[in-house]
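Please keep the sequence and the model in view while reading.

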Amino acid sequence: MTNKEATEIKYTAEQVQEILKDYKLARTSREMSLLGRKEVLTGKAKFGIFGDGKELPQIVMAKFFKNGDFRSGYYRDQTFMMAIGELTIQEFFAQLYANPDTEADPHSAGRQMNSHFATRLIREDGTWKSQTDMKNTSADLSPTAGQMSRLLGLAQASKVYRHCDDLQDWNQFSVHGNEVAWGTIGDASTSEGIFWETMNAAGVLQVPMVMSVWDDGYGISVAKKYQTTKESISKALRGFKRTQKEPGFEIFTVKGWDYEELLATYNEASAVAREEHVPVLIHVEEVTQPQGHSTSGSHERYKSDNRLEWEEQHCCVSKFKEWIINEEIATGEELEELDKEAKDEVQKAQKKAWQAFQEPILNEKNQVLELIDEVIEIHPDLEKLKEYKSNLNRKSKPLRRDVLSIARRVILELRGKNSIPKNKLVSWLDDQKELNADRYHSHLYSETKYSPLHIEEIEPRYESHPKKVDGRIVLRDNFDVIFSKYPNAVTFGEDTGKLGDVNLGMEGMQEKYGDIRVSDTGIREATILGQGIGLSLRGLRPITEIQYLDYLIYCFQVLVDDVASLRYRTKGGQAYPLIIRTRGHRLEGIWHAGSPMGMLIHGLRGVHICVPRNLTEAAGFYNTLMQGDDPALVIEPLNAYRLKERMPSNLGEFTVPLGIPKIIKEGTDITLVSYGSTCNIVESILPNLERMNISAELIDVRTLLPFDRNQMILESLKKTNRILFIDEDVPGGATAYMMQQVIEEQGGFYHLDSPAKCLSAMAHRPTYASDGDYFSKPNAEDIIEAVYDIMNEANPGKYPALQQ
């Protein structure tokens with residue numbers, strides 16, 4: 001019997017074909033990494049980070065990744081993405097060059113570093129694609145372990161879809177909850193707290209999640225003996241492993257170069273997660289990193305000769321090649337031919353990607369050169385123009401900035417001149433400004449018809465003699481309507497379920513709608529947010545509760561790096577229609593009276609920030625946001641739950657528009673701008689001001705992001721010519737932001753008869769108890785005195801100094 005005949009008995013023709021296809025893909029991916037590094041080192045790309053050394057386990061993992069499944073991975077999964085058909089060689093290089101065209105780089109339109117992948121889940125009209133007809137990847141991000149928290153939510157979505165009767169026909173997003181969420185991470189990044197928080201939460205929730213850890217022994221230059229207890233994440237996590245009596249998750253270990261064992265391991269892991277909804281950890285050991293961490297350094301500096309030799313011997317592609325030859329599936333010569341084919345294909349695709357990146361820039365370069373020639377002909381005396389032309393001509397591989405920089409310098413040189421060629425260049429720059437706004441600035445917020453900015457205000461309606469109830473009752477009954485109206489609405493958080501949240505705003509909701517839709521969580525804010533992120537990406541409408549505003553700091557990194565930037569970094573390809581519910585502002589003490597609004601508004605561009613002054617307004621925000629497709633933060637005022645409010649008759653229907661302030665009281669002498677609990681204090685002192693002959697106009701901004709879209713505050717300032725911004729953030733926080741928006745952006749400076757002023761809290765956190773609140777944050781007397789001082793400066797005869 002010949003070797004070929006023996007092989008045909010051991011492996012079917014289909015298996016041989018698949019194995020050789022896998023080998024060629026591994027070689028192709030390796031060649032991409034090698035060439036990608038060269039492109040960076042020769043200056044054609046800015047930075048490179050690659051997946052070399054992880055090719056084989058990723059190819060195997062992809063075999064068990066089904067339509068409807070989701071990946072939440074990190075920046076070394078290029079081989080996996082190719083294996084599931086969601087990355088081409090040309091796309092890989094397009095992203096390396098930062099091509100801003102979504103056709104060239106559909107993952108991020110050049111907005112992310114290379115190897116940051118995403119599938120486009122949203123159509124251009126804003127509607128969701130059918131996730132169950134495609135293989136899905138949530139958009140990668142660079143912060144280590146940043147992919148972990150949303151992985152939990154992606155997996156939890158399958159549990160919700162499996163057990164929620166009202167969602168059984170939502171087959172655009174799930175088929176009976178059979179989808180698995182697949183996570184990937186480098187071994188060193190398992191040292192991050194968010195990894196442990198996620199794994200613990202997955203074990204508690206029992207969700208279908210497969211977590212692969214690529215273990216190449218290092219975190220950049222730091223060996224894993226400094227990273228992980230026992231130098232093994234699988235050993236360190238053994239206490240989490242499920243038993244016959246106790247739930248937990250399954251743990252597997254496998255060598256990254258062992259093709260047969262990888263197949264067996266991933267087959268079993270997939271079955272456990274998909275069928276039983278049990279989380280799985282796969283510790284993929286003896287992985288290598290042939291080119292080191294990234295193009296920013298060389299691993300020869302920190303690896304010993306023995307280690308480098310070991311890595312060469314255990315390279316998964318080389319070991320795979322040896323196995324194929326030993327199994328007589330193919331000869332060395334046949335595999336070398338595949339090596340050559342792979343290399344040729346990579347080089348050809350790279351050249352196409354570079355040409356596609358350069359062509360529009362070269363066209364722009366030529367356009368500018370022609371325009372400069374015309375300018376020089378009219379203004380031959382300006383020698384600098386010839387220098388600019390020469391500088392641009394010399395750039396054989398220009399970036400867009402090179403072209404635009406020269407064009408703008410030419411205009412600067414032509415200051416005071418007037419000619420047709422100059423006007424043509426100005427017009428060209430105006431056109432480029434519009435094009436570049438789309439390339440580099442678009443899609444921070446929704447630009448679809450579903451944007452919450454399109455939701456117009458519907459005022460609360462009241463019966464002729466409305467019942468007055470605690471504010472939390474308005475909120476609770478409005479949530480009841482929301483959960484009845486939206487079968488995909490879910491909520492969760494610390495004490496949210498059985499208790500109905502610490503202030504009883506969700507009282508009775510779990511009993512009425514079940515513990516799948518209304519649930520308690522552990523004390524773990526980062527993964528509470530992660531649940532909301534993942535659920536919102538899979539068609540659900542989560543209201544994620546972070547118990548207090550101060551606790552938002554625990555998950556601020558996830559908010560900043562993931563939630564706020566998702567739509568932008570995918571250029572509209574993905575979005576989180578997520579609502580984060582919290583409560584804050586004035587209460588008691590350092591840890592329960594926070595109002596770090598400056599931190600939030602400056603860190604969360606891309607998230608709408610709503611600051612209602614009462615709970616009817618808060619309910620209106622929830623009604624608005626449930627109709628939109630953007631993430632938002634709603635900060636309920638802590639001291640409003642027991643205050644009496646009228647019960648609206650149109651619960652679930654009335655809305656509060658985003659970015660449209662409300663005039664609480666009209667006036668003519670001074671404009672007072674505030675929000676949240678402080679706005680109520682300002683309102684309470686208006687009668688005092690009236691008795692002092694001060695007519696104050698009070699405006700509640702209602703949202704800080706967006707801020708005063710119709711310039712209502714400016715119109716008020718045109719009338720009063722004086723303004724005071726008041727809040728309880730630290731000095732220079734949100735009041736400074738509001739002042740900049742009104743005085744600079746809206747042009748309010750030109751309407752001031754007195755200096756614009758801010759009144760904020762003290763620079764420290766509030767001291768405990770009522771006295772602490774009084775002395776730490778603006779109180780009624782502070783506000784009255786601040787207003788009076790402005791009026792005294794304006795008209796000391798009518799308003800004599802208080803201390804005289």
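## Elements and model

Helices (H or I, at least four residues) and strands (E, at least two) are DSSP runs, numbered from the N terminus. The model is predicted.

## Backbone details

Pro 706 sits in the loop between strand S20 (703–705) and helix H25 (712–720).

His 277 has phi near 55°. That is a positive value in a residue other than glycine. His 277 also lies in a loop, the one between helix H9 (259–276) and strand S8 (280–285).

## Helix H2 against H11

How do the axes of H2 and H11 cross? Helix H2 covers residues 13–41, and helix H11 covers residues 316–326. Their axes come within 10 Å and cross at roughly 155°. Angles over 145 degrees count as roughly antiparallel, so H2 is roughly antiparallel to H11. The crossing is left-handed.

On the H2 side, the contact uses Ile 19, Leu 20, Asp 22, Tyr 23, Ala 26, Arg 27 and Arg 30. H11 answers with Cys 316, Val 317, Phe 320, Lys 321, Trp 323 and Ile 324. By class, the residues of this contact are nine nonpolar, no polar and four charged.

## Helix H2 against H12

H2 also packs with H12. The axes of H2 and H12 come within 8 Å and cross at roughly 45°. That angle makes H2 oblique to H12. The crossing of H2 and H12 is right-handed.

H2 brings Leu 20, Tyr 23, Lys 24, Arg 27, Thr 28, Glu 31, Met 32, Leu 35 and Glu 39 to this contact. The H12 residues they meet are Leu 335, Leu 338, Asp 339, Glu 341, Ala 342, Lys 343, Glu 345, Val 346, Gln 347 and Gln 350. The residues of the contact divide into eight nonpolar, three polar and eight charged. Leu 20, Tyr 23 and Arg 27 of H2 meet residues of H11 and also residues of H12.

## Helix H13 against H14

Are H13 and H14 roughly parallel or roughly antiparallel? The axes of helix H13 (residues 383–393) and H14 come within 10 Å and cross at roughly 175°. The two helices are therefore roughly antiparallel to each other.

H13 contributes Lys 384, Leu 385, Tyr 388, Asn 391 and Leu 392. H14 contributes Asp 402, Val 403, Ile 406, Arg 409, Val 410 and Glu 413. The contact of H13 with H14 has six nonpolar residues, one polar and four charged.

## Largest pocket

Rolling a probe the size of a water molecule over the atoms shows where empty space is left. The largest pocket holds about 710 Å³ of space. Its lining has 26 residues. Lys 46, Tyr 97, Ala 98, Phe 357 and Leu 399 lie nearest the centre.

Which elements give two or more residues to this lining? They are helix H5 (89–96), helix H12 (332–378), helix H14 (400–413) and helix H15 (420–441). H12 gives the largest share, three residues. The lining of the largest pocket divides into 14 nonpolar, five polar and seven charged residues.

## Second largest pocket

The second largest pocket has a volume of about 460 Å³. It is lined by 22 residues. Tyr 462, Arg 613, Asn 614, Thr 616 and Glu 645 are the ones nearest its centre.

Helix H22 (615–625) and strand S16 (644–646) are the elements that give two or more residues to this lining. By class, the lining of the second largest pocket has six nonpolar, six polar and ten charged residues.

About 40 Å³ of space lies in the largest cavity.

Its lining is made by Leu 444, Val 563, Ala 564, Leu 566, Arg 567, Ala 575, Tyr 576, Gly 606, Asp 630 and Pro 631. These divide into seven nonpolar, one polar and two charged residues.

Conventions
Residues are numbered from 1 along each chain as its sequence is written. This is a predicted model: local features need pLDDT of at least 70, side-chain atom pairs count only at pLDDT 80 or more; totals for chains, interfaces and linings use all residues. Side-chain values use heavy atoms; hydrogens and water are left out. On a 1 Å grid over the protein atoms alone, a cavity is a set of points where a 1.4 Å probe fits but cannot get out, and a pocket is an open set with protein on both sides within 12 Å along at least five of seven lines; lining residues have an atom within 4 Å of a point. Grid points are joined across faces, edges and corners, and a volume is the space filled by probe spheres set on the points. Ala, Val, Leu, Ile, Met, Phe, Trp, Tyr, Cys and Pro count as nonpolar, Asp, Glu, Lys and Arg as charged, and the others, Gly among them, as polar. Axes are lines fitted to C-alpha atoms, for helices over the stretch in contact, and angles run from 0 to 180 degrees between N-to-C directions. Angles under 35 degrees count as roughly parallel, over 145 as roughly antiparallel, 65 to 115 as roughly perpendicular and the rest as oblique. A crossing is left-handed if the near helix is turned anticlockwise from the far one by less than a right angle, and right-handed if clockwise. Contact means heavy atoms within 4.5 Å.
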